[in-house]
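Here is a friendly briefing to read alongside the coordinates. Please open the model in your viewer and follow the topics in order.

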Amino acid sequence: MSQEEIECPASASELYLAASPEEVEPARPMLTGDVFSGVTVPGTDGEEFAIVLTHPCSMRVDGVRLAERLLMVRVSLSDQIPFKRWQTGYFKVMPLPGLMGAHYSARFDEMGLVKSADLSTAERVACMTPYGVNLLQQRFIWYLTRFLVPTHRLGEVSETVFEEAEMEEEWVMQAIESGKDPGEAARTFHDWIRSSDESGETRQDLLKEPQHRAGLRRQMRKHLRG
């Protein structure tokens, strides 16, 4: 495949669910593409920003507790990189235009394992859309292997993860609004989504089928009302 087939967004807005700290929803579970401030990536210079590269399926040991260390790369200020140039160069970075109102890049040549405990005191300043995460993974795979994986294929294997994250965010958000502990709410969601409904299948397995997702959301909202 040619380099020209590497993808780029039409605008910066396609990359982010939140592009600044005030936009970040605290109920959202940590995922690939989350950017944190006040994080030092081992082997790099200084404390700045860092973005999570670890896949969501690998970052938790039991569905709730984070693994001891997460793969992250340093994020630093950079020159503006035109979208059309994403396809033909700058393969050592994931450009992050519009992040906190400036131009940043995640540098794949400045990566390391960060203790997840360090993230508990760090501020999450941005979260990416599923498409943004797919673009991040596509560029990272290209940087490592020069093998091009279309973003739609990356999306196909991760869409269930993003659907579950959206449901967990809604569940925990309601708990926070009710004055409940968000950590406990995340655990109860974990138990609910992995339990079986009247069909005998776990809700997590049913979530893999797009035709069941609307029904599962209704189930969840009914459960929360109860």
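Helices (H or I, at least four residues) and strands (E, at least two) are DSSP runs, numbered from the N terminus. This is a predicted model in which local features need pLDDT of at least 70 and side-chain atom pairs count only at pLDDT 80 or more, while totals for chains, interfaces and linings use all residues. Residues are numbered from 1 along each chain as its sequence is written, and side-chain values use heavy atoms, with hydrogens and water left out.

**Overall fold**

- The protein chain has six helices and seven strands, and from the N terminus on these run β-β-β-β-β-β-α-β-α-α-α-α-α.
- Its radius of gyration, taken over C-alpha atoms, is 18 Å.
- Taken along the principal axes, the C-alpha atoms fill a box of roughly 50 × 40 × 30 Å.
- Contact means heavy atoms within 4.5 Å. Among contacts between residues at least 6 apart in sequence, 68% join residues at least 24 apart.

**Surface and charge**

- Buried residues make up 47% of the 226 residues; buried means under 20% relative accessible area, exposed over 50%, and partly exposed in between (1.4 Å probe, protein chains only).
- The chain exposes about 11300 Å², with carbon and sulfur atoms supplying 49% of it. Accessible areas come from the Shrake-Rupley method with a 1.4 Å probe, and for residues only the protein chains shown count as cover.
- The mean positions of the 25 positive and 35 negative charges are 2 Å apart. Lys and Arg count as positive and Asp and Glu as negative, without His and the chain ends; each charge is placed at NZ of Lys, CZ of Arg, CG of Asp or CD of Glu.

**Nonpolar cores**

- A nonpolar core is a set of buried Ala, Val, Leu, Ile, Met, Phe, Trp, Tyr and Cys residues joined through side-chain atoms within 4.5 Å. The largest one has 29 residues, of which Ile51, Val75, Met94, Leu96, Leu99 and Met128 touch the most other members.
- Elements giving two or more residues to this core include strand E3 (48-52), strand E6 (102-115) and helix H3 (151-177).
- Another core, of 15 residues, lies apart from it and has Ala185, Ala186, Ile193 and Leu224 among its members.
- Beyond its neighbours within four places in sequence, Met94 has contacts that include Leu15, Trp86, Phe108 and Met128.

**Helix residues**

- Arg213 is found in helix H6 and counts as buried at 9% relative accessibility. Leaving aside neighbours within four places in sequence, Arg213 is in contact with Glu159, Thr160, Glu163, Leu207 and Lys208.
- Arg225 also has its place in helix H6 (residues 210-225), but counts as exposed at 66% relative accessibility.
- Pro182 lies in helix H4 (residues 182-193) and is partly exposed at 38% relative accessibility. Not counting residues up to four places away in sequence, Pro182 touches Val172 and Ile176.

**Backbone angles in loops**

- Most residues other than glycine have a negative phi.
- Met100, in the loop between E5 and E6, has a positive phi near 50°. Met100 is partly exposed, with a relative accessible area of 27%.
- Arg146 is not a glycine either, yet has a positive phi of about 60°. Arg146 sits in the loop between H2 and H3.

Conventions: Rg over C-alpha atoms; globule rule 2.2 N^0.38 Å.
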